[in-house]
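Welcome! Open the structure in your viewer, keep the selection tool at hand, and follow along stop by stop.

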Amino acid sequence: GDFVQLMKPRVMSLVVFTALTGLVAAPGNLHPVLAVVALVAIAIGAGASGALNMWYDADIDARMARTAARPIPRGRVAAGDALAFGVVLAIGSVAILGVAVNWVAAGLLALTIAFYILVYTIGLKRRTPYNIVIGGAAGAFPPMIGWAAVTGSVSFESCLLFLIIFMWTPPHFWALALYRCRDYERAGVPMLPVVAGPDETRRQILIYALLLVPLALSPALVGLGGTFYLAISTVLGAVFLGLAIRVHRVRAGAAADHAAKQLFGFSILYLFAVFGILLAEKFVARLLV
């Protein structure tokens, strides 16, 4: 159970879900067995990233209430064991995806793992308040990997799915950072509320929300999503933007924390719903063919 926890299963579920959306939305067909292998390899790669992240950030995790119960700070898993576990999973997932499916998808998976560990975890997280902005690219690659598993290439449509997650990541994590600010300050992590203050963070959240909402509608404009996708994503986007405006306006006391928690919680539902609708449309379209 501790080694499963190292793999960050909740994050892994989002990675697999968005990768599945890219896989199903891509033109062409992939044998069901190979599709399952691809998704398992992507899940293992995400787990490798989680384990390596927990290995490197064990000192930070021990100082934060949100992460203090993780296996390494609690002494349930040795740091060296977590490192070895993560390395084996990383190499194995890339090799399996490359041999069984194709090396373009495997290369993107390798890039994702390397970006998350080397660029975000080691290079950015402890050095800049914009760690989430740049590092968010790692979480945005999975639909591109799923798409490449089918097509063996990267396309404009898969890049669009990448951009939706990339623009979603900052307001999602900054909402969390607003009401967990003391946690990050105690750990010495320069999240935006710690460095620039909560008001600037609220302004940035609103800016990213204003960019994200129309961007999330664009799949319907390029034929990737249909009328149903356009309608539902419009409603979801309006709610997301409304919550971001509320975060921007409510700036004091428990009400401010509540507004940030609401946005953080809804942002998870928002991303699952946007990709879920796209996935459902593609499944239905395939059944009708």
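A pocket, as meant here, is an open set of grid points with protein on both sides within 12 Å along at least five of seven lines. The model you are looking at is predicted.

**Stop 1: the largest pocket.** The largest pocket has a volume of about 1,300 Å³. Select K8, V11, R70, Y116 and F173: of the 50 residues lining this pocket, these are the closest to its centre. Now colour the lining by class, and you will find 29 nonpolar, 14 polar and seven charged residues.

**Stop 2: confidence.** Switch to colouring by pLDDT. The mean for the protein is 94, and 100% of the residues reach 70 or more.

**Stop 3: inside helix α11.** Stay with helix α11 and pick D183 and R186, which sit three residues apart, about one turn of the helix. These two form a salt bridge, with the closest N and O atoms 2.7 Å apart.

**Stop 4: a link between D59 and R126.** Next, select D59 and R126, whose side chains meet in a salt bridge at 2.9 Å, N to O. Because D59 belongs to helix α4 (residues 58-63) and R126 to the loop between α6 (103-124) and α7 (131-135), the pair ties together parts that are 67 residues apart in sequence. D59 is partly exposed at 36% relative accessible area, and R126 is partly exposed at 29%.

**Stop 5: D199 and R251.** Here is another salt bridge, with the closest N and O atoms 3.5 Å apart. D199 lies in helix α13 (residues 198-217) and R251 in the loop between α14 (227-249) and α15 (253-288), so this pair joins parts 52 residues apart in sequence. In the whole structure, a search finds nine salt bridges.

**Stop 6: L192.** Finally, go to helix α12 (residues 192-195) and select L192. Its relative accessible area is 1%, so L192 is buried. Leaving aside residues up to four places away in sequence, L192 touches P129, Y130, W174, G197, T201 and Q204. To end, draw a distance from L192 to L243: their C-alpha atoms are separated by 19 Å.

Conventions:
Residues numbered from 1 in each chain as written. Predicted model: local features only at pLDDT ≥ 70, side-chain atom pairs only at ≥ 80, totals over all residues. Heavy atoms only, no water. 1 Å grid on protein atoms, 1.4 Å probe; cavity = no way out; pocket = protein on both sides within 12 Å on 5 of 7 lines; lining within 4 Å. Points joined across faces, edges and corners; volume = space filled by probe spheres on them. Nonpolar A, V, L, I, M, F, W, Y, C, P; charged D, E, K, R; others polar. pLDDT = per-residue confidence, 0-100. Helix = DSSP H or I, 4+ residues; strand = E, 2+ residues; numbered from the N terminus. Buried < 20%, exposed > 50% of the residue type's maximum accessible area, 1.4 Å probe, protein only. Contact = heavy atoms within 4.5 Å. Salt bridge = Lys/Arg side-chain N within 4 Å of Asp/Glu carboxyl O.
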